[in-house]
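Thanks for coming, everyone. Let's have the structure up on the screen, and then I'll walk through it.

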Amino acid sequence: TREQLHRNLNQTLAAHQNRLTRFHPALVEMIDSGMLREVADEKDKALKLKATRLGRIAVRQMLTPSTVLLLTKWLTDDAGRELTLFDILVLATLTDDCQPLLPVDFEELEGLAERLANESSTLLSGSNQDVVERLRCGGRRCLAVLKTALVARDWTRTGDAEGTAEEHGCYPFEVRRLAESLER
């Protein structure tokens with residue numbers, strides 16, 4: 001139950017060191033994302049927390065509730081049927097669990113725009129404002145998400161981390177780490 005969870009967390013080292021963060025928002029997020037559900041217990045009528053199939057997968061893959069919530073929102077919606085591979089890579093790089101996010105230099109903007117124009121995408125259709133609202137990111141983070149998705153897309157085409165890194169001005173270990181992160 002929520003009470004049992006609260007009692008157990010208050011007995012942890014983090015609680016004794018006054019470093020325990022509020023867990024209620026995370027619990028609500030896990031329920032909203034479908035990782036947990038509350039079911040009534042027949043015996044004592046208390047609401048018990050039960051992990052769902054999605055919750056067990058998320059824990060096994062070490063995904064945050066925000067990642068599960070974002071991906072579930074996009075991939076289970078009717079709009080999810082229209083997503084291209086590049087769109088799915090953009091969504092995956094948009095999550096908090098995607099590492100590393102590759103920054104964009106000012107000199108890269110023109111080339112980035114050309115590459116994006118050559119990718120088939122439903123997420124990137126419309127005006128810049130539409131895209132920012134749809135992705136709920138802006139500025140440097142949004143540019144980094146798009147560049148990282150392009151790097152991932154190029155890697156899926158070639159499987160060559162060194163060549164992809166050279167083409168995008170990053171390191172091969174970053175491409176390999178990104179591929180591992182996106183695989184999760």
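One term before we start. When I say that two residues touch, I mean contact, that is, heavy atoms within 4.5 Å. And a reminder: this is a predicted model.

With that term in hand, take histidine 168. What does histidine 168 touch, leaving aside residues up to four places away in sequence? The list is Glu108, Arg115, Lys147, Leu150, Val151 and Asp154. One of these, aspartate 154, also makes a polar contact, side chain to side chain, with histidine 168, at 2.5 Å. Histidine 168 sits in helix 10. Is histidine 168 buried or exposed? Its relative accessibility is 6%. The cut-off for buried is under 20%, so histidine 168 counts as buried.

Now the helix around it. Helix 10 covers residues 161-168. Its buried residues are Ala161, Thr164, Ala165 and His168.

What does the buried side of helix 10 pack against? Three helices: helix 7, residues 109-117; helix 9, residues 139-158; and helix 11, residues 172-183.

Both ends of helix 10 deserve a look. At the start, aspartate 160 has a side-chain oxygen within 3.3 Å of the backbone nitrogen of glutamate 162. After the helix comes glycine 169, with a positive phi near 70 degrees.

Let's zoom out. The protein has 11 helices and two strands. The order from the N terminus is α-α-α-β-β-α-α-α-α-α-α-α-α. Along the principal axes, the C-alpha atoms fill a box of roughly 60 × 40 × 30 Å. Of the 184 residues, 34% are buried. Take contacts between residues at least 6 apart in sequence: 59% of them join residues at least 24 apart.

Charges next. There are 25 positive and 29 negative side chains. The centres of the two sets lie 11 Å apart.

For a sense of distance, pick aspartate 130. Aspartate 130 is in helix 8, residues 128-135. At 34% relative accessibility, it counts as partly exposed. Now pair aspartate 130 with arginine 7. They are 123 residues apart along the chain, and their C-alpha atoms are separated by 45 Å.

Next, a buried loop residue. Where is serine 33? In the loop between helix 3, residues 24-32, and strand 1, residues 36-40. At 2% relative accessibility, serine 33 counts as buried. A polar atom of its side chain lies 3.1 Å from the backbone oxygen of methionine 30. Beyond four places in sequence, serine 33 touches Leu54, Pro65, Val68, Leu69 and Thr72.

First stop, proline 100. Is the peptide bond from glutamine 99 to proline 100 cis or trans? That bond is cis, with omega near -5 degrees. Proline 100 lies in the loop between helix 6, residues 85-94, and helix 7.

Second stop, methionine 62. Its phi is near 60 degrees, a positive value in a residue other than glycine. Methionine 62 belongs to the loop between helix 4, residues 53-60, and helix 5, residues 65-76. The residue is exposed, at 62% relative accessible area.

Arginine 136 is not a glycine, yet its phi is positive, about 55 degrees. Its place is the loop between helix 8 and helix 9. What is the relative accessible area of arginine 136? The value is 71%, and arginine 136 is exposed.

Over to you for questions.

Key: Residues are numbered from 1 along each chain as its sequence is written. This is a predicted model: local features need pLDDT of at least 70, side-chain atom pairs count only at pLDDT 80 or more; totals for chains, interfaces and linings use all residues. Side-chain values use heavy atoms; hydrogens and water are left out. Buried means under 20% relative accessible area, exposed over 50%, partly exposed in between (1.4 Å probe, protein chains only). Helices (H or I, at least four residues) and strands (E, at least two) are DSSP runs, numbered from the N terminus. A polar contact is a pair of N or O atoms within 3.5 Å; within protein, one must be able to donate a hydrogen and the other to accept it, and residues adjacent in sequence count only if both atoms are side-chain atoms. Lys and Arg count as positive and Asp and Glu as negative; His and the chain ends are not counted. The place of a charge is taken as NZ of Lys, CZ of Arg, CG of Asp or CD of Glu.
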